[in-house]
Amino acid sequence: HVEKRLDTNDYLVDQKEATFFVTIQGQSMIDVGLLPGDKAVVDRSKTAKDGSIILAVVNGEFTIKTLSCSKHGTARLLPANSTGAYSPIEITEDTQFEVWGVVIGSFRRFA
């Protein structure tokens, strides 16, 4: 029984002009369901806060990680992979760091 047709843009996109998709490449976030080949929905209009999953540029490299902010104002980017294969990224004064947006969802195709 179908209640109504779902427009994926209505479901996944809050701010059309500020939203884009990126393809997940690695396995550092598999424990939160972001698998290689998935499309992450990134919204540049959202403000990143402690615990947000973000798309960031760190020293010229794009990465998706969970933002962890200390009460002292320092930041770390945390992986979500329980294998221990990925380490947190410490953001220091010498780190080139920019938040590109907040990951607000994801989707994948099976066929």
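Student: Among contacts between residues at least 6 apart in sequence, what share join residues at least 24 apart?

Tutor: In this predicted model, 57% of those contacts join residues at least 24 apart.

Student: What box do the C-alpha atoms fill?

Tutor: Taken along the principal axes, roughly 55 × 30 × 25 Å. The protein has 111 residues, and buried ones make up 32% of them.

Student: What's the mean pLDDT?

Tutor: The mean is 93, with 99% of the residues at 70 or more.

Student: Which elements have the lowest and the highest mean pLDDT?

Tutor: Helix α1, residues 8-12, has the lowest mean at 79, while strand β3, residues 53-58, has the highest at 98.

Student: Okay, new topic. Which residues form the largest nonpolar core?

Tutor: There are ten: Val22, Ile24, Met29, Leu34, Ala40, Val42, Leu55, Ile64, Ala80 and Val103. Apart from that core lies another one of eight residues, including Ala56, Val58, Ala75 and Val102. In soluble globular proteins, nonpolar side chains tend to be buried together.

Student: Let's take Val42. Where is it found, and why does it count as buried?

Tutor: Val42 is in strand β2, residues 39-43. Val42 is buried because its relative accessible area is 0%, and the cut-off for buried is under 20%.

Student: What is Val42 in contact with, leaving aside neighbours within four places in sequence?

Tutor: Val42 is in contact with Ala18, Thr19, Phe20, Val22, Leu55, Trp100, Gly101, Val102 and Val103. Two of those partners, Val22 and Leu55, are also listed with Val42 in the ten-residue core.

Student: How far from Val42 is Thr63?

Tutor: Their C-alpha atoms are separated by 12 Å, and the two are 21 residues apart along the chain.

Student: Switching to pockets: how much space lies in the largest one?

Tutor: About 290 Å³. Of the 15 residues that line the largest pocket, the closest to its centre are Gln25, Gly26, Phe62, Thr63 and Ile64.

Student: Which elements give two or more residues to that lining?

Tutor: Those are β1, residues 19-23, and β4. Strand β4 gives the most, with four residues.

Student: How do the lining residues divide by type?

Tutor: Into eight nonpolar, six polar and one charged.

Student: While we're on β4, where does Cys69 sit, and which residues does the strand cover?

Tutor: Cys69 is in β4, which covers residues 61-69. Cys69 counts as partly exposed because its relative accessibility is 36%, and that class lies between 20% and 50%.

Student: Which residues does Cys69 contact beyond its neighbours within four places in sequence?

Tutor: Asp50 and Thr74. Asp50 is 19 residues from Cys69 in sequence, yet their C-alpha atoms are 5.3 Å apart in space.

Student: Last one: what is phi of Asn59 near?

Tutor: Near 50°, a positive value in a residue other than glycine. Asn59 lies in the loop between β3 and β4, and Asn59 is partly exposed, with a relative accessible area of 45%.

Note on methods: Residues numbered from 1 in each chain as written. Predicted model: local features only at pLDDT ≥ 70, side-chain atom pairs only at ≥ 80, totals over all residues. Heavy atoms only, no water. Buried < 20%, exposed > 50% of the residue type's maximum accessible area, 1.4 Å probe, protein only. Contact = heavy atoms within 4.5 Å. Core = buried A, V, L, I, M, F, W, Y, C linked by side-chain atoms within 4.5 Å. 1 Å grid on protein atoms, 1.4 Å probe; cavity = no way out; pocket = protein on both sides within 12 Å on 5 of 7 lines; lining within 4 Å. Points joined across faces, edges and corners; volume = space filled by probe spheres on them. Nonpolar A, V, L, I, M, F, W, Y, C, P; charged D, E, K, R; others polar. pLDDT = per-residue confidence, 0-100.
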